[in-house]
Amino acid sequence: MSKIMTMCDAVARFVPQGSSVVMGAALESLIPFAAGHEIIRRQVRDLTLIGPISDMLFDQLIGAGCVRKVIAAWVGNVSAGLGHNYRRACEQGIPHRLDVIDHSNFTISLALLAGGLGAPFIPTHSLLGTDIPGTNPALRQSLSPFGGEKIVLVPALQPDVAILHVQRSDENGNAHAWGNLGVSEEAALASERIIIVAEEVVPHHIIVSDPNRVIAPSFKVCAVVREPGGAHPSPVQGHYNRDHEYYHDYHRATRTVEGNVEWMNRWVADTKDRAGYLQKLGKERWQSLQLKEHRYAAPVDYGY
Amino acid sequence: MPRPWIMGTEMDYTPQEIMVAAAAREIRDGEIVFTGMRLPLIAFALAKQMHAPGAIGLFEAGLVRDTPAPELLYTMGDPPNIAGALWATRMVNMMGLLQRGAVDLGFIGGAELDRFGNLNTSYLGNPKSPKTKLPGSGGAADIASLSRRFVVIMAHDKRRLVERVDYITSPGFGDGQGWRERVGLRYGGPSAIITTRCVLGFEPSWGEAVLRSYHPGQSVASVRAETGWDLRIAKDVHETGSPTPEELTIIRRYDPQGFWTR
């Protein structure tokens, strides 16, 4: 049964108000910006955002007033540093107050890994002596029942939905992703369901020709959205490079509340969908991000 | 963003370039290095081509490399960093290597640092109502907790180098001697702080930063004037070695537009 649908339908059906959502699981690449923008257009409220670092997608969702709580290791703008919307929310309650639950990259990984394993928690030696457990009461210091040494217990997270941008998928959500994966697999396994956003939708036989490259079991996938360019300005290996300047432009534009509204109107509210967004971006800029050369992997033999 | 240039005797270079050169010198041949963001990415490329051809770079997003990326990186997830990598994988595998004790050296950046090398990249002021909300740990707290040693790269002024950080994101030597052991950290700690003005080292036995070298154009007095505590001076304090022409050539070949280094 095909799970193909539009981004509009996928978000309307599977990201209701109050959901907990993982995005940006691969870290700086494969960030599902198109999905985030659809969430903003639909004005979904009271979300809990979960991710390691989110680059500027979390900042945008916060600035648009969609977010109640952030469970993350880092929120900002990787190119420019601080995220203005995140700062305004935390420092001035604009557009409203946020609950911030601090993690490190390792502990958010372990929380999702535990969630996917169905384990209550995973212990770590990280974060001992830091103030992070003070701003994340879920992290608990304890002693190992085996060696007696100090450890931090990281309780499992089981988000409602993980939104993963990938290179290609079949219409059932059997999806290939490559490059650094960050916590993509952990997020997919921990979450109740998965939305796959794919650069390309390909026939099933292409996916099963290389099962080691599959990112998650397709029976957990609830929607497949074909969305070329859907990760821009983040990069997609083998498809397009990172648009560094776009991050700096956003940083400058969102310095003030008014500037943020203007940016949101231009790139999100007054843009119907990702195709419209890419049109606004312009052919020339989009061209400049395309591959300079292909670097194909050698085929592998699954013969028997 | 144009920055003031340091006028050297033989060659002019920027504060960022001397920081990259100093950071590269912290990498020993054959070491496993958690490479971090921005300047350390260039330091890794420099060290590989100078004195540490056997160094291996780990990137927390899930990458291992034994060669520098063929192009300047803006983030660790840029496509040139993935092409030709030794391994592209999951973050837990990178962090697992770190926790397993495999990582000799990690690089992190800092917004606020104190005399015991603790770093704050989370909250200025009270976390409940922060004066400034900084982005948070990312992987920095893990690197500071779990690498065999770590090096900090940061801008140097009185507001950033403070007596006591408001919040410990990444643990240095806590409140001094024996602290890491007391809180349960098994090893590690900062080995150098490379700033825009100087290099600080640590006396591990008492865990406090000491001025190891000041960059050309700086002095013991100018560094102390811009440090928020009564900074101790190493007995053998000296001027930081300028980047050599060869080092500068490599840095500028790698960052021809000066995106990170000018």
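Student: In this predicted model, what distance separates the centres of domain 1 and domain 2 of chain A?

Tutor: Taken over C-alpha atoms, the two centres lie 30 Å apart. The domain assignment places residues 7-104 + 159-288 of chain A in domain 1 and residues 121-155 in domain 2.

Student: What makes up the contact between domain 1 and domain 2 of chain A?

Tutor: Five residues of domain 1 meet six residues of domain 2. On the domain 1 side, two residues are nonpolar, two are polar and one is charged.

Student: Why does the radius of gyration of chain A agree with that of a compact globule?

Tutor: The rule is 2.2 Å times the number of residues to the power 0.38. For 304 residues the rule gives a value near 19 Å, and chain A has 19 Å, so the two agree. Along the principal axes, the C-alpha atoms of chain A fill a box of roughly 60 × 55 × 35 Å. The secondary structure of this chain comprises eleven helices and eleven strands.

Student: What share of chain A is buried, and what share of its contacts joins residues at least 24 apart in sequence?

Tutor: Buried residues account for 51% of the 304 residues. Of the contacts between residues at least 6 apart in sequence, 73% join residues at least 24 apart.

Student: Why is A:Leu157 called buried?

Tutor: The term requires 20 or more other C-beta atoms within 10 Å of the residue's own. A:Leu157 has 25 such neighbours, and therefore counts as buried.

Student: Where is A:Leu157 found, and which residues does it contact beyond four places in sequence?

Tutor: A:Leu157 belongs to the loop between strand E7 (150-155) and strand E8 (161-169) of chain A. Its contacts, leaving aside neighbours within four places in sequence, are A:Ile50, A:Ile71, A:Ala111, A:Leu112, A:Gly115 and A:Ala190.

Student: Why is helix H4 of chain A described as largely enclosed by the rest of the structure?

Tutor: Seven of its nine residues are buried, and the helix is therefore largely enclosed. The buried residues are A:His84, A:Asn85, A:Tyr86, A:Arg87, A:Arg88, A:Ala89 and A:Cys90.

Student: What covers the buried residues of H4(A), and which residue follows this helix?

Tutor: The cover includes helix H3 (56-63), strand E4 (99-102) and helix H9 (257-269) of chain A, together with strand E9 (132-133) of chain B. A:Gly93 follows the helix and has a positive phi, near 65 degrees.

Student: Which residues have the most contacts inside the largest nonpolar core?

Tutor: They are A:Leu61 and B:Ala23, in a core of 169 residues. Helix H2 (residues 39-49) of chain B gives the most to this core, with eight residues. Domain 1 and domain 2 of chain A each supply at least three residues to the core. Not counting residues up to four places away in sequence, A:Leu61 touches A:Gly36, A:Ile39, A:Ile40, A:Leu47, A:Leu49, A:Cys66 and A:Val67. In soluble globular proteins, nonpolar side chains tend to be buried together.

Student: What makes strands E4 and E15 of chain B edge strands?

Tutor: The open sheet of ten strands in chain B has the order E4-E3-E2-E1-E5-E10-E12-E13-E14-E15, with mixed pairing. Strand E4 (87-88) and strand E15 (232-239) are its edge strands: each pairs on one side only.

Student: How do you know that strands E5 and E10 of chain B pair, and in which sense, parallel or antiparallel?

Tutor: Pairing requires at least two bridges. Five bridges join strand E5 (residues 105-109) to strand E10 (residues 149-154), and the two run parallel. B:Gly106 stands opposite B:Phe150 in E10(B).

Student: How many bridges join E13(B) to E12(B) and to E14(B)?

Tutor: Three bridges join E12(B) to E13(B), which run antiparallel, and B:Ala192 has B:Gly201 as its bridge partner in E13(B). A hairpin links these two strands through two residues. E13(B) and E14(B) pair in the antiparallel sense over six bridges. Their hairpin has four residues between the strands, and B:Gly207 there takes a positive phi near 75 degrees.

Methods
Residues are numbered from 1 along each chain as its sequence is written. Chains are lettered from A and ligands numbered from 1 in the order in which they are written. This is a predicted model: local features need pLDDT of at least 70, side-chain atom pairs count only at pLDDT 80 or more; totals for chains, interfaces and linings use all residues. A nonpolar core is a set of buried Ala, Val, Leu, Ile, Met, Phe, Trp, Tyr and Cys residues joined through C-beta atoms within 7 Å. A residue is buried if 20 or more other C-beta atoms lie within 10 Å of its own, exposed if 12 or fewer, and partly exposed in between; C-beta atoms are placed from the backbone. Domain bounds come from an automatic or database domain assignment. Two residues are in contact if their C-beta atoms, placed from the backbone, lie within 7 Å. Ala, Val, Leu, Ile, Met, Phe, Trp, Tyr, Cys and Pro count as nonpolar, Asp, Glu, Lys and Arg as charged, and the others, Gly among them, as polar.
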